[in-house]
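Subject: Structure handover

Hello,

Here is the structure I said I would pass on. Please have it open while you read the notes.

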Amino acid sequence: PRPIAWFGARSFWGHLGHLAASVIATEDIDSRDWMRAEGPEVFTRRVGTALGAQYDAASLSEAIDADVWIDYVADTGDCGAVSYAVARMIFGEYEVPDPEDATRTLTLPRGDLLIFGGDTAYPVATELEIHNRVIVPYNRVLRAATDGKTRVLLGVPGNHDWFAGLDGFHRMFHERRGSVARRSRLPDDTVDRAGQVGHLFEWIEAFSVGRFVAKRSALPLEGYLPVQSASYWALRLAPSLDLWGADRQLRSVDFHQQLYFAQAREDHGVMLCIADPVYAFLEPNRPGVEILQSLDMTMEGDGVCILTGDTHHYCRQEFGKGMHVVAGGGGAFLHPARILRSGLEAPAAEFPGPRTSLALALQVPWAIVHGRSGFLVHLAIAFFYLPWFGGLATHSWRGLWPAVLTGVVGALACFLIGGFWRAKRAWLVTLLALVAGLAMGATPIVLKQLWQLIIGLASWSLSPRWFLGLSFGITVYVATLIFGTYLMVLTVLGLEQHQAFGALAHPGYKHFVRLRVRKDGSAVDGWVLGSVDPLSKKDQVVLVDRFTWQNPARRRSALRPDEQPAPVAPAEPAATA
């Protein structure tokens, strides 16, 4: 499958899915109410059994009697070719300098656990899109690199998974129960070319005769065993170290989930997998902040290590003992690094950086005007210009109102896309939107005069039909270029970070994180492996970043009794509930 065009028909399908899912969520129809996640001890036992542990233990590393290796990838399932390239990175082994002895090398094996960090497929993570955009390219790689070992598959859902009501997510990550044979219309490494449109007609036909459209009951990944019974989970990873996966749906972490994690919580260090970053583009991100608040956590105070995606680049920040790792490089379009960052603290590592992001941002207007992101913008602008050009054929100025209307509608659209109601510099977004709208409204008037001047100076003789057609095409081109320039300026100034690069659809800077959880739970070592140009056969996998997160719980337990921090007395007696 080709990448999703940000201003194309398939992306519009995703927006409709978002709208429908949001309406359902607003009505408090929440499928998480029916989920019953096992406690961390039971879940740990199930994961250990899947990995071949011979006996029960308090943690996974003790059960398998070894370090636990984890592969983490997020925001997968866009372009089929990029997904295949990312899969080749994930399922490979690498040699890197040993962090404990620089004179030796260390082999990084494939992870015992493979964690998908949200937004499994785009634009809506349906059973069909996950099959075509994730299962097919991943299985093609896995069947060529199989080693016969069974590993564990885990996932946390993002908003694009919830656009489909977790239907596709459930078929990929839910534990297989019983011995019912899988029903699959096509092999797991064959693309279903009917697509969403073909399946829409199939659904209409089945509905008209009172039948159901059979879906794949499972989306299996070769060599990986799904073990989840809910969209959230808690795992005893190593002594004094837990791994949590939380799900905020489209709104918040629900009450049942809050209770689940409160009961699972002990005096352990926590690695937390969530689909929304707490910090995005170096600033606090409200959905991620609310997740931490719901779990009664702080990065600085609890020293938690957060793995997240949603933002499609790599960025690592450190907050006291806590660490925040954004690794949304699983295949979706690229997001920029923060370009202008005055007053913001630089991250510990990022991929790509601000200079590269600026160079890419300058390409955005041309990518939009030449249709790389689809043609919905062109069609919308052409629609509003049609009344003006209907009067232009008679060389009359009485049709001025369509140009004014186009400018007003253009300004309103720029207001909404710029998100002026949530921007810190709303006045600047408003000003830029007004300028862009004014420019789009004035474009046909200015171009009419220029075009007539050029024809007069060149002594050309054009029929009214040719004059009208050429004028119309040039006007739509220029107005679309103005719109693309507006998005570019928003990104460069740090006012809005999604629309411009979504339209650019850049396939580069893909990456994943390989983690080694030390058997004693004292620390977690991380290596970020990526590719600048995954579609080039000459491009090699590079070591983007390396880090070590120290388990704060082990730090506390290592202190001598006389070094333990003194308890803080409350300022006043706690009120009874």
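Overall. Please keep in mind that this is a predicted model. The protein chain holds 19 helices and 18 strands. Of its 577 residues, 54% count as buried. Among contacts in the protein chain with a separation of 6 or more, 74% are between residues 24 or more positions apart.

The sheet. Seven strands make up an open sheet with mixed pairing, and their order is β7-β8-β9-β12-β14-β13-β15. β7 (233-238) and β15 (349-351) each have a single partner strand, so one side of each has no neighbour in the sheet. From one strand to the next the twist averages 15°. Helix α9 (residues 255-264) packs on this sheet, where it touches β7 and β8 (241-245). The direction of α9 makes about 20° with that of β7.

Pairings around β12. Strand β9 (residues 269-274) and β12 run parallel and are joined by four bridges. Within that pairing, Leu-272 has Ile-306 of β12 as its bridge partner. On to β14: β12 pairs with this strand in the parallel sense, again over four bridges, and Thr-308 stands opposite Val-326 in β14. Strand β12 (residues 305-308) has Cys-305 and Leu-307 pointing one way, with Ile-306 and Thr-308 pointing the other way. All of these residues are buried.

The antiparallel pair. Strand β13 (residues 314-319) and strand β14 (residues 322-327) pair in the antiparallel sense over six bridges. Here Cys-315 has Val-326 of β14 as its bridge partner.

Nonpolar cores. The largest nonpolar core has 73 residues, and those touching the most other members are Leu-113, Leu-237, Leu-243 and Met-271. Helix α17 (residues 464-492) gives the most to this core, namely eight residues. A second, separate core has 63 residues, including Met-89, Val-141, Ala-234 and Val-304.

Asp-242. The side chain of Asp-242 makes a polar contact with the side chain of Arg-236, at 2.5 Å. Leaving aside neighbours within four places in sequence, Asp-242 is in contact with residues including Leu-235, Leu-237, Ala-264, His-268 and Met-271.

Helix α12. In this helix (residues 354-361), Ser-357, Leu-360 and Ala-361 are buried. They cover an arc of only 100° around the axis, which puts them on the same side of α12. An α-helix has 3.6 residues a turn, so residues three or four places apart point the same way.

Regards

Note on methods: Residues are numbered from 1 along each chain as its sequence is written. This is a predicted model: local features need pLDDT of at least 70, side-chain atom pairs count only at pLDDT 80 or more; totals for chains, interfaces and linings use all residues. Side-chain values use heavy atoms; hydrogens and water are left out. Two strands pair if DSSP finds at least two bridges between them. Helices (H or I, at least four residues) and strands (E, at least two) are DSSP runs, numbered from the N terminus. Axes are lines fitted to C-alpha atoms, for helices over the stretch in contact, and angles run from 0 to 180 degrees between N-to-C directions. Contact means heavy atoms within 4.5 Å. A nonpolar core is a set of buried Ala, Val, Leu, Ile, Met, Phe, Trp, Tyr and Cys residues joined through side-chain atoms within 4.5 Å. Buried means under 20% relative accessible area, exposed over 50%, partly exposed in between (1.4 Å probe, protein chains only). A polar contact is a pair of N or O atoms within 3.5 Å; within protein, one must be able to donate a hydrogen and the other to accept it, and residues adjacent in sequence count only if both atoms are side-chain atoms. The arc is that of the directions from the helix axis to the C-beta atoms.
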